[in-house]
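This briefing goes through a protein model by topic. Please keep the sequence and the 3D view open while reading.

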Amino acid sequence: MKTIVCGVDVSPGGRAALGVAALLVEKLGARLYDEAPDAYAESRGEVGDVAERLAAVARAEGALMIVLGARSRGRSRAFLRARCPAELAQITDVPVLVAPRQLAAEPTLPQLSTPGGFS
Amino acid sequence: MSELAIHRTPADNDDRQLAEQNVPPIVAAVDGSPASRAAIGEAVRLAAELDAPIVFVFVRRGPAGFFGNPIYQRRLTKEMTRARRVLERALAVADNSHVPAEGEILEGSPRRRIPEFAGDRRARLVVVGSRRLKLGRSVSNGVARTAERPVVVAKGLQRVATADRAA
């Protein structure tokens, strides 16, 4: 079965990622693998470097895609640390989807709910 | 800023109707690099699964004007020829998978123009490739941080061994 791995936390980006992942699961008929209160989801807690652990889980699950939320940090932190999607893209062969933070404020994700869209 | 529509290759009449119904497309950035080829493959796969048309975009920065007319024109012609060639290859891949697609050549900074174009076209997804840059700013990272649409960073083919070690 197709699996989508979603990295979540309490940030707006994490919520946006969860929303987009849920829509993708519905559209692609996939299984969601992370912290989501949903019957179609499984959850797992991992300790370590975020990019490396997500890549490892995605590889172990044979994931179709990894979904993450975008973060906005200061210029210096962005340069030093906020490179998770870019790091992931380098260490895994699984595509990485970055959900914009703006989608967190709109639970129904109207941008994606267009005719022929995800929902 | 300029935009130039290069081509449109709906696979058949149904696809043509889909593309013309103003269905939000998947926008895929291409530049002819190996990372760009990964982006084309991922965009075509997602478009086939989501029943969405694709718009391939090639963003060129444009030759510097201070070289003067003969050199400027020669470099501009060379850039446009390369852009058309890259887009033709991407369109051929989409056509082989029976996915409706079109190509656009944009001018400016890729980090700025790709999110702008995706917003203008109400794109469902933006697909970009990722390549490791030792110096300089990553286009894929910049697009992922600034775009208001979900961005798919297509798989890089390098350094997969790191993930193997982590596993």
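Helix 2 of chain A is followed by A:G62, a residue with a positive phi near 60°. Helices here are DSSP runs of H or I with at least four residues, strands are runs of E with at least two, and both are numbered from the N terminus. The model is predicted: local features need pLDDT of at least 70, side-chain atom pairs count only at pLDDT 80 or more, and totals for chains, interfaces and linings use all residues. Residues are numbered from 1 along each chain as its sequence is written, chains are lettered from A and ligands numbered from 1 in the order in which they are written, and side-chain values use heavy atoms, with hydrogens and water left out.

**Helix 2 of chain A**
- This helix covers residues 50–61, and its end C-alpha atoms are 16 Å apart, which agrees with the 16 Å that its 12 residues should span at 1.5 Å a residue. The expected span is 1.5 Å times one less than the number of residues.
- Its buried residues are A:A51, A:L54, A:A55, A:A56, A:V57 and A:A58. Buried means under 20% relative accessible area, exposed means over 50%, and partly exposed lies in between (1.4 Å probe, protein chains only).

**Chain B overall**
- Chain B has six helices and six strands, in the order β-α-β-α-β-α-β-α-β-α-β-α from the N terminus on.
- Of the 167 residues in chain B, 50% are buried.
- Among contacts in chain B with a separation of 6 or more, 79% join residues 24 or more positions apart. A contact means heavy atoms within 4.5 Å.
- The chain exposes about 8400 Å², with 47% of that supplied by carbon and sulfur atoms. Accessible areas come from the Shrake-Rupley method with a 1.4 Å probe, and for residues only the protein chains shown count as cover.

**Nonpolar cores**
- The largest nonpolar core has 45 residues, of which A:L97, B:I26, B:I54 and B:F56 touch the most other members. Such a core is a set of buried Ala, Val, Leu, Ile, Met, Phe, Trp, Tyr and Cys residues joined through side-chain atoms within 4.5 Å.
- Leaving aside neighbours within four places in sequence, the contacts of B:I26 include B:A43, B:L46, B:I54, B:L125 and B:V127.
- A second, separate core of 34 residues includes A:V57, B:V126, B:V151 and B:V153.
- B:V126 is in strand 5 of chain B and is buried, at 1% relative accessible area.
- Beyond four places in sequence, B:V126 is in contact with residues including B:V27, B:I114, B:V143 and B:V151.
- B:P25 is 101 residues from B:V126 in sequence, yet the two are 9.0 Å apart, C-alpha to C-alpha.

**Positive phi in chain B loops**
- Most residues other than glycine have a negative phi.
- B:D51 is not a glycine, but its phi is positive, about 55°. It sits in the loop between helix 2 (34–50) and strand 3 and is partly exposed, at 49% relative accessibility.
- B:R122 also has a positive phi, near 50°. This residue is in the loop between helix 4 (110–120) and strand 5 (125–128), and is partly exposed at 37%.

**Surface of chain B**
- B:F67 lies in the loop between strand 3 (54–60) and helix 3 (69–96), and is partly exposed, with a relative accessible area of 33%.
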